[in-house]
Amino acid sequence: MDEAKYPDTAEQSATANQADGSEPQVAVDQPAPRHSAPNITSDLRTFLIRVAKRPFLSFLAVTACVFAVYYSALHPPIFTATTQFSIRGKETAQPTSMLSAFIPSGGSGGISESIAVREHIHSPQMLAQLDQRHDLRSLYARFRLDPLNRLPRRASQEAFLTFYRKRIDVVLDREASILRVVVHSYDAESAYEIAASIVDLSENYVNEISARVRDATLADARDEVSKAEEEVRDIRLQMASFRNTTGEIDPTQTGAATVGALLELEGRIIELKGERASQLASLRADSPQIVIIDERIYALEQQVASQRGELASTGGDGTLAELLLEYEGLVITREYAETRLTAALTALDNARQLADQRERFVVPIVAPTLPTEATEPRRFASFVLAMVLSIIGYGIVAYTVAGINDHDR
């Protein structure tokens with residue numbers, strides 16, 4: 001009989017057993033029915049409902065987990081090598097001390113050259129040279145868990161250049177004209193070697209610029225010197241040819257000797273005429289003495305006429321006057337060419353001084369050193385910064401969504 005259906009009967013049986021002095025019979029409870037297995041779908045639904053009720057805390061927990069995993073396990077260690085150097089020019093004034101020749105100052109270095117070197121460090125040409133020396137593509141494409149710090153092996157040259165620029169920081173101090181280069185790499189050796197190569201390649205670039213500026217500054221002056229030397233050479237060859245053709249070393253000297261002899265003959269004629277006049281006072285004109293004097297005067301006059309014929313240009317070739325005319329023209333041309341050559345040489349010296357003033361060279365200030373420990377990432381500081389930015393971003397999005405909802409209402 002079911003005791004659950006007839007409770008009074010069960011109680012009467014227990015009372016009767018007690019009256020008979022026998023032990024009461026204890027009712028044995030039936031086992032409780034087993035509960036069914038927990039419903040996973042309902043638990044997930046409950047969890048999502050709780051998440052929906054607390055979106056900010058849920059967002060905070062998820063982002064904290066993501067950033068914690070990223071900065072603690074995924075982000076690779078980064079080693080940093082730093083170097084500093086300056087672009088200097090030759091001092092125009094004598095330095096007051098040995099140390100002052102190497103201490104950069106704002107006015108001694110060329111800021112334009114420093115800017116050019118800064119841009120050259122981030123240029124494809126610098127990347128190609130560094131890749132040839134250190135195989136940067138293989139270094140950057142090495143397998144790492146962090147995809148943000150790994151270059152795809154088939155990345156384009158533009159992507160390679162972008163990845164490289166993110167790992168080379170170049171800061172220019174315009175007042176002191178100092179370049180500070182910070183190299184980030186995934187091991188200490190590569191960071192040090194890349195920084196040293198950047199200094200070396202930058203020095204080569206500055207030397208190349210200085211050589212180009214020097215050549216450009218001296219090019220015009222050198223051309224003028226070459227032209228002037230060629231003119232002097234030509235005119236001297238013409239004068240040598242003139243001497244070989246005419247047999248006259250210096251027609252001006254020949255002409256001076258001829259004129260001197262002519263003047264001497266004319267003076268002698270004047271003396272003879274004076275003597276003849278004095279003889280005529282006591283002798284007749286047909287006397288032997290007077291005849292001899294007349295013959296001597298006539299002979300001297302013939303010589304004078306001959307000398308004048310050599311000096312005067314009569315239209316024929318080879319007269320002394322024509323030789324003098326040609327020779328004087330050559331002398332004037334030679335003097336002009338030599339004067340031009342002197343001026344060109346002076347201009348070349350001035351151009352050399354200007355080129356020396358424009359020359360630039362690299363002065364190392366802080367040499368790169370081998371890093372002993374990773375400086376990045378600063379895991380805790382980066383984690384806190386990422387969380388702060390995430391919270392700010394969440395606030396901006398939530399404020400924007402709330403504004404849109406209010407507007408729709």
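Student: Is the crossing in which α4 passes α8 left-handed or right-handed?

Tutor: Keep in mind that this is a predicted model. α4 passes α8 in a right-handed crossing.

Student: What else describes such a pair?

Tutor: Two packed helices are described by the angle between their axes and the distance between the axes. Here the axes of α4 and α8 cross at roughly 130° and come within 10 Å. That angle makes α4 oblique to α8.

Student: Which residues make the contact between α4 and α8?

Tutor: On α4, the residues are A116, V117, H120 and I121. On α8, they are I198, S202, Y205 and V206.

Student: Now burial. Which residues of helix α5 are buried?

Tutor: Buried means under 20% relative accessible area. In α5, residues 124-134, the buried ones are M126, L127 and L130. Viewed down the α5 axis, they fall within an arc of 100°, so they line one face of the helix.

Student: What covers the buried residues of α5?

Tutor: The cover includes α4 (111-121), α6 (136-141), α7 (157-166) and α8 (188-246).

Student: Which residue just after α5 takes a positive phi?

Tutor: D135 does, with a phi of about 55°.

Student: And a strand residue. Is S86 buried or exposed?

Tutor: S86 lies in strand β1, residues 79-89. Its relative accessibility is 1%, so S86 counts as buried.

Student: Which backbone oxygen lies 2.9 Å from a polar atom of the S86 side chain?

Tutor: That of S177.

Notes
Residues are numbered from 1 along each chain as its sequence is written. This is a predicted model: local features need pLDDT of at least 70, side-chain atom pairs count only at pLDDT 80 or more; totals for chains, interfaces and linings use all residues. Side-chain values use heavy atoms; hydrogens and water are left out. Buried means under 20% relative accessible area, exposed over 50%, partly exposed in between (1.4 Å probe, protein chains only). Helices (H or I, at least four residues) and strands (E, at least two) are DSSP runs, numbered from the N terminus. The arc is that of the directions from the helix axis to the C-beta atoms. Contact means heavy atoms within 4.5 Å. A polar contact is a pair of N or O atoms within 3.5 Å; within protein, one must be able to donate a hydrogen and the other to accept it, and residues adjacent in sequence count only if both atoms are side-chain atoms. Axes are lines fitted to C-alpha atoms, for helices over the stretch in contact, and angles run from 0 to 180 degrees between N-to-C directions. Angles under 35 degrees count as roughly parallel, over 145 as roughly antiparallel, 65 to 115 as roughly perpendicular and the rest as oblique. A crossing is left-handed if the near helix is turned anticlockwise from the far one by less than a right angle, and right-handed if clockwise.
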